[in-house]
Amino acid sequence: MMDLDAKIPSGPLEDKWDSHLEHINLVGPRNRPTYDVIVVGTGLAGASAASSLAAQGYRVHVFIYHDSPRRAHSIAAQGGINACKNYRQDGDSVHRLFYDTQKGGDFRAREANVYRLAQTSTEIIDQCVAQGVPFAREYGGMLANRSFGGVLVERTFYCRGQTGQQLLLGAYQSLQKEVDQGRVILYPRSEMLDLVVVDGRARGIIYRDMLTGEIQSSAGEAVVLATGGYGAAYFNSTNAVNSNSTAIWRAHRRGAAFANPSFVQIHPTCIPVSGDHQSKLTLMSESLRNDGRVWVPRKKGETRSPADIPEKERYYYLEERYPTFGNLVPRDVASRAAKVACDDGYGVGSTGYSVYMDFRDAINRQGGDTIKSKYGNLFDMYEEITGESPYQQPFKIYPAVHYCMGGLWVDYNLQTTIPGLYAIGEANFSDHGANRLGASSLMQCLADGYFILPQTIGDGLQPLFRDKVGTDHPAFAQAIADVNGRINKVMSIQGSSTPLSIHKRLGKTLWNHCGMSRNAGNLQGAIDHIDQLTQEFWNNVHVTGSAKDMNQTLERAMRVADFLEVGRLMCRDALERDESCGCHFREEHQTEEGEVQRNDEKFAHAAVWEWRGEETAHRRNTEKIHFEHLQPATRSYK
Amino acid sequence: MNEPQKTLSVRLRIWRQPIGNSNGQFVEYGVNDIPVEASFLEMLDILNEQLVESGEDAVAFESDCREGICGTCSLVIDGLPHGEGQCTTCQLQMRNFKDGATITVEPFSTGAFKTIKDLVVDRSPLDRIIESGGYVTVHSGPKPEPNSIPIEEDVVEDALDASACIGCGACVAACPNGSASLFTSAKIGHLALLPQGQTERYGRVRKMVEAMDNEGFGSCRNYAECQASCPKNISIKYIGRMNKDYIHATIHGGDNRGPVKAT
Ligand SMILES: Cc1cc2nc3c(=O)[nH]c(=O)nc-3n(C[C@H](O)[C@H](O)[C@H](O)COP(=O)(O)OP(=O)(O)OC[C@H]3O[C@@H](n4cnc5c(N)ncnc54)[C@H](O)[C@@H]3O)c2cc1C
Ligand code: FES
């Protein structure tokens, strides 16, 4: 069994973080430049961490597969970022944010981490404003707020519908400043393909120069993975088309445990799939549910246009089923409700797999201009893609894969089970339990990157003063040989299936069997199918071009190879978690009303998967969740 | 009644250039049975699937978010950066192309952007402009309470109009002179509007304008093609403001602190 000591500081919940900081090792300012820290990824988590570490004086090496740090997937976040500033005096507090996040996550996250996240949230806003992030303001010049699903307060800060972009630009600019100062060395177009572990410690990475195909290595005393989520395993998702799981999966295979892989969030409001050609699904921000009303016709197979359907023939299913939260129920609840409505035959659109989100009443009440100023760019985006104007007719939406709560297991210092390897942002599993609340990922990424990791990393680094392992260590040569071997194998198969076609089939299987609704039979079937696809990949994949060239087909093939393994583990995790919780809806475990039924006696733990080699099955370890401050209750949004 | 058309076919003239080679050429490809709901990049995905299936090297082109925000996609389509209409390449939809059309696709290459392979260019000069001064110097640590410095709503909106720039480089590709003035002025304009950006305001403009020149971008001659091709509708008014601040900065020499200097 693995040693899963989360190293939670003792003492009252409110004081844990402060007292932890008082007691951990520090690296002095004059010694910091002697340390090399590798950061992979420059989304909100990576860019904020790398710039903060560099500003402290560490020598930071930053790797990304993008051409520029500003292009990381975080740029696409729309709706906003949470912080319990309580500017509205509507009852917000650190405790309330902690409570909402735990309840939203269906009591499957570690209390101490979540509490710290809530404590740090207010500082994030201060930090970003100081960088020049233009958050929306009210007429008096004070910061404005909106509200997101699963909460009863207004605590979300935003920049129109492009909050992620503005936050990332703030972090990116700070990062570029450090590049200019020479404290950050940037390696763009460099994809990490393996982790190097020497005597049980992470000591560096192997990466492919995406222009020359050269396999190279970099050494450091710590490696930080800020590589985002693995939702693109489903092929169709709201993730960017290059998002992938390779960095965390390769680290997993080198010993970093992977927690709760099946906890994947399906976002309720996305533009529905239109066909097989589709390469990505576009999210329509959750903020729309502040004013949009979700409904389906009461009559199955309705053919009238929505405007012709009178009020009493419209089924506002969220408002009826959940009167307290209405359209603002958490995402897992809203998504499942949409699925049920469509499965039961009430869905609309050409495929019958869409529901309406209607602004008619909001426009009548608040005026078209107000709605435009709140959501103009989202309305335009929808119209560009679908050719229909949401000012004139309701949005047609359907759930899509969006976010991974699961990820690498980390302790209170954000260190994985490999000493010296850290995981931050969406890449780790820490704060969102079995379901994430809207606007909480940006908060977590920036909390990890600006405030937590830069203060905890010294604890592990201090004992390593002048203890360096260079890239001339044989472990590096071995890892390079492994990677080259894998690439040569993929290039040499020359079969007849394209990497894209295998990825699409994997995605369909995951979506159908490890998506919004799961059961044991289907999950087992999915595992069998993924095994077949894996066979097909390694016997019949076809990659053209050369490995020593810019080769996007090869890049995809390597990512798909890892997605197949991640996908399999997701299904196994879903199969063995024989309860329902949050996003994980096992049909066998539901209440009479069709809501999730948790089993706290048996499953109040994180499932922490351990890689034991190619020939041996994964082992499922557990980290028990201690309910010290919040007793788990049945989530009710009624 | 006619059934609405479900698919279309196009002929593509695509710029193909091997890596490490400064010469390239147009190659023609036909793509059939493109669903009308497909986006332009999904049409290129279909082409690349065909190429891989027939054993050829796929056309290298870049994209990531495919929703108009990351600035990765960068194609000149029928002579226009990001094609017709003020959106990014990834937001172009095939339903806006004619069945049977011939479409010419080239990279965003100009003086300062070099072609890497096929349709992929090197836009790192833009990062280096930001590196030279496009930031506010702050450490991650306790900060003043943000509401202690109220900012008028319209000022924030103006700043956001500028910082909406996605760094795609269409402005550079569209400019007959290959100037990066719109890109540079958008960042300068964003930070110059906000109280937080004042301390470094004039040092910033000087450093960024010089970096722009050093990267080999052309100078601005007011063609305004940049504004016309910007997918985020960024206005050339920011270029005017940048020039004004730059003149101020050069007159006041090394002063980084702006007009109100303690004497
Ligand atoms: C459309 C959309 C809207 C969203 N809106 C919101 C919102 O309003 N509020 C909210 O809180 N959350 C939102 N989210 C979720 C949130 O945006 C993400 O969870 C978050 O941005 C993830 O950030 P990250 O820093 O962990 O990783 P990412 O931003 O995904 O960055 C990953 C980085 O890792 C690099 N990388 C990955 N693998 C490798 C490798 N092998 N080698 C080298 N580099 C690598 C990439 O180059 C990139 O720089 C949204 C998500 C989507 C998809
Ligand atoms: S791919 Fe992101 S803007 Fe086009």
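Reader: Where does ligand 1 sit?
Author: Ligand 1 sits in the largest cavity. A cavity is a set of points, on a 1 Å grid over the protein atoms alone, where a 1.4 Å probe fits but cannot get out. To sit in one, a molecule needs more than half of its atoms within 2 Å of the grid points.

Reader: Anything to know about the model before we go on?
Author: This is a predicted model, where local features need pLDDT of at least 70 and side-chain atom pairs count only at pLDDT 80 or more, while totals for chains, interfaces and linings use all residues. Residues are numbered from 1 along each chain as its sequence is written, chains are lettered from A and ligands numbered from 1 in the order written, and side-chain values use heavy atoms, without hydrogens and water.

Reader: Between which chains does ligand 1 lie?
Author: Chains A and B.

Reader: How many residues surround ligand 1?
Author: 38 residues surround ligand 1, and A:His66, A:Ser74, A:Met192, A:Glu426 and A:Ser441 are the closest. To be near, a residue needs a heavy atom within 4 Å of the molecule.

Reader: Which element gives the largest share of that shell?
Author: H11(A), with 4 residues. In chain A, helix H2 (44-56), strand S6 (190-198), strand S15 (395-404) and helix H11 (440-461) each supply at least two. Helices (H or I, at least four residues) and strands (E, at least two) are DSSP runs, numbered from the N terminus.

Reader: What polar atoms are around ligand 1?
Author: An oxygen atom of ligand 1 is 2.7 Å from an N or O atom in the side chain of A:Ser441. A polar backbone atom of A:Ser440 is 3.3 Å from an oxygen atom of the ligand. A nitrogen atom of ligand 1 is 2.9 Å from a polar backbone atom of A:Gly80.

Reader: How much of ligand 1 does the protein bury?
Author: 99% of the 1000 Å² that ligand 1 exposes when taken alone. Accessible areas come from the Shrake-Rupley method with a 1.4 Å probe; for residues, only the protein chains shown count as cover.

Reader: New topic. Is A:Asp36 buried or exposed?
Author: A:Asp36 is buried, with a relative accessible area of 8%. Buried means under 20%, exposed over 50%, and partly exposed in between (1.4 Å probe, protein chains only).

Reader: Where is the place of A:Asp36?
Author: In strand S1 (residues 36-40) of chain A.

Reader: Which side chains make polar contacts with A:Asp36?
Author: The side chain of A:Arg59 does, at 2.8 Å. The side chain of A:Lys468 does too, at 2.7 Å. A polar contact is a pair of N or O atoms within 3.5 Å; within protein, one must be able to donate a hydrogen and the other to accept it, and residues adjacent in sequence count only if both atoms are side-chain atoms.

Reader: And what about A:Gln162?
Author: A:Gln162 lies in the loop between strand S4 (156-157) and helix H5 (163-181) of chain A. A:Gln162 is buried, at 10% relative accessible area. Beyond its neighbours within four places in sequence, its contacts (heavy atoms within 4.5 Å) include A:Asn377, B:Ile69 and B:Leu160.

Reader: Last one. How many helices and strands does chain B have?
Author: Chain B has 8 helices and 7 strands. Of its 263 residues, 57% count as buried.

Technical notes. On a 1 Å grid over the protein atoms alone, a cavity is a set of points where a 1.4 Å probe fits but cannot get out, and a pocket is an open set with protein on both sides within 12 Å along at least five of seven lines; lining residues have an atom within 4 Å of a point.
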